[in-house]
Amino acid sequence: MKILFAKIFLVFLLSGQFLPVWAQPQAADKSFLLRPEWEHASLGYLIKEMATGRVVSSYQPDRQLTPASVLKVLTTATALEILGEEYKYPTTLSYDGAIQDSVLQGNIYIKGHGDPTLGSSYFAPESKDFLPLWIKAIQGLGIKEIKGGIIADESIFDTEGVSMKWVREDLGSYYGAGSYGLNLFDNRFDLYIKSGAPGTRPQVLRTSPQIELSLHNYLRAQSVKSDSSYMVGMPFSTERFLYGVVPAYQSQYRLRGDIPEPALFLAEYLHRQLQERGIRITRKPSCYRQFMERGNWNPGERTEIITTYSPPLKKIIEKTNHVSHNLFADALLKTLGLRYQPKRNEVISSFGRGIQIVKDFWKKKGVDVSEITIYDGSGLAPANKVTAHFITDVLTYMATKSTHVQVFRNSLPQAGLEGSVRNFLKDTSLSGKAWLKSGSMSGVRCYAGYIQKNGKWYSVVLLANNFSGSTWTINRCLEKLLLE
């Protein structure tokens with residue numbers, strides 16, 4: 001009887017009897033909410049016609065929900081507006097001391113400004129050009145010996161590479177790599193293993209690039225086609241714990257994890273490359289964090305050797321949204337935070353500064369920032385909360401007032417064709433006509449972007465949390481909502 005009453009009540013609820021006008025879904029939107037997958041779910045959506053501002057359909061648009069990677073829409077839009085689409089990250093090589101008789105009596109410094117694309121596989125092969133340019137510049141000074149060391153200066157950001165609101169299973173993963181003042185190779189490495197019969201423990205073969213790690217291997221081989229494994233570890237720690245299942249009888253199976261301390265790794269990497277070319281180096285490579293822990297960071301006056309630059313921001317944002325690159329998004333947020341002026345005696349993280357700049361910017365544009373609670377730029381923190389109404393306001397501004405509208409819209413992958421939405425709306429009337437950023441984590445499926453239909457543009461924000469059942473089923477429900 002209780003179940004029957006609950007279903008009858010839900011029907012009345014969906015009919016609009018107890019809902020304000022803005023919360024009443026169109027008739028075509030009702031049926032999927034009666035499915036068992038939505039029994040304990042939270043849903044908020046808003047679909048608007050851009051030219052007129054007419055609400056086509058909405059349901060709880062002011063309900064705060066976890067956006068997952070849809071938050072990248074906010075981060076990339078703000079970065080475009082504040083930094084501009086041609087902004088480039090510099091990275092500078094310099095030295096202190098003096099060069100005498102081909103000997104540098106001092107150190108070589110790598111000064112970072114947060115560039116997340118250095119050596120990135122998403123901008124290869126151009127992204128790897130920095131290394132030969134650096135080496136050529138050092139050799140051009142006639143240096144054959146360094147009576148000092150290679151020091152990475154990542155001090156432009158703090159040491160909080162990962163958000164305090166991220167969950168443990170993400171720490172150490174390739175997608176949960178931290179963002180720092182210096183980054184390299186997407187802050188990721190590949191771990192190759194060899195697996196045997198089901199039930200046995202795989203053998204660790206090697207890492208690429210080469211990195212010194214202390215691995216605790218609790219993996220097991222099973223008769224599966226793909227792995228369900230975790231690589232877990234803290235920033236700055238070389239310990240990594242391997243859990244889960246990998247396919248059996250694999251001669252060389254690849255897992256991926258994060259580089260624990262990218263700045264130090266970059267210093268070590270350049271150190272090895274110079275030694276291989278016959279340049280002797282007296283001291284071990286180091287980084288700003290290590291000097292600060294010892295309390296002896298006191299570099300002398302530096303002389304610039306060379307400055308290299310990242311691709312322009314418009315290309316970084318395109319990759320950020322197309323492949324949902326968490327490192328790129330968090331680096332953008334922290335870069336925005338460099339414009340924040342802390343109040344007297346205020347202690348605020350690089351993440352916090354960026355978040356404050358984002359809120360201040362959109363508040364000045366008339367958007368209600370009380371509708372958001374955010375802790376990063378990538379959306380990896382489950383504690384992030386936004387409303388469909390807020391994201392719609394951002395999309396509307398970018399479509400109607402921004403001079404970067406074309407770059408922003410093109411940064412969103414086309415549904416049914418590419419990126420993380422290549423299977424969403426596929427083989428439907430909206431395939432190739434929707435530019436959407438997706439967001440997903442356990443119990444979360446979200447989409448935000450634009451749809452063009454019959455010569456008109458629409459903004460679309462769909463936020464679904466706490467559903468049960470498969471993601472495939474939820475996607476079909478959200479597709480039906482858009483198609484109807």
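Q: How do the residues lining the largest pocket divide into nonpolar, polar and charged?
A: In this predicted model, local features need pLDDT of at least 70 and side-chain atom pairs 80 or more, while totals for chains, interfaces and linings use all residues. Residues are numbered from 1 along each chain as its sequence is written, and side-chain values use heavy atoms, without hydrogens and water. With Ala, Val, Leu, Ile, Met, Phe, Trp, Tyr, Cys and Pro as nonpolar, Asp, Glu, Lys and Arg as charged, and the others, Gly among them, as polar, the lining comprises 19 nonpolar, 16 polar and 11 charged residues.

Q: Which strand gives the most to this lining?
A: A pocket is an open set of 1 Å grid points over the protein atoms alone, where a 1.4 Å probe fits, with protein on both sides within 12 Å along at least five of seven lines; lining residues have an atom within 4 Å of a point. Of the 46 lining residues, Y174, Y175, N326, L380 and S440 lie nearest the centre. Elements supplying at least two residues include α7 (326–337) and β20 (444–453), helices being DSSP runs of H or I with at least four residues and strands runs of E with at least two. The greatest contribution, 5 residues, comes from β19.

Q: Which strands are at the edges of the open sheet?
A: The order of its 5 strands is β2-β1-β21-β20-β19, with antiparallel pairing, where a pair needs at least two DSSP bridges. Within it, 10 bridges join β20 to β21 (456–465). The strands that pair on one side only are β2 (55–59) and β19.
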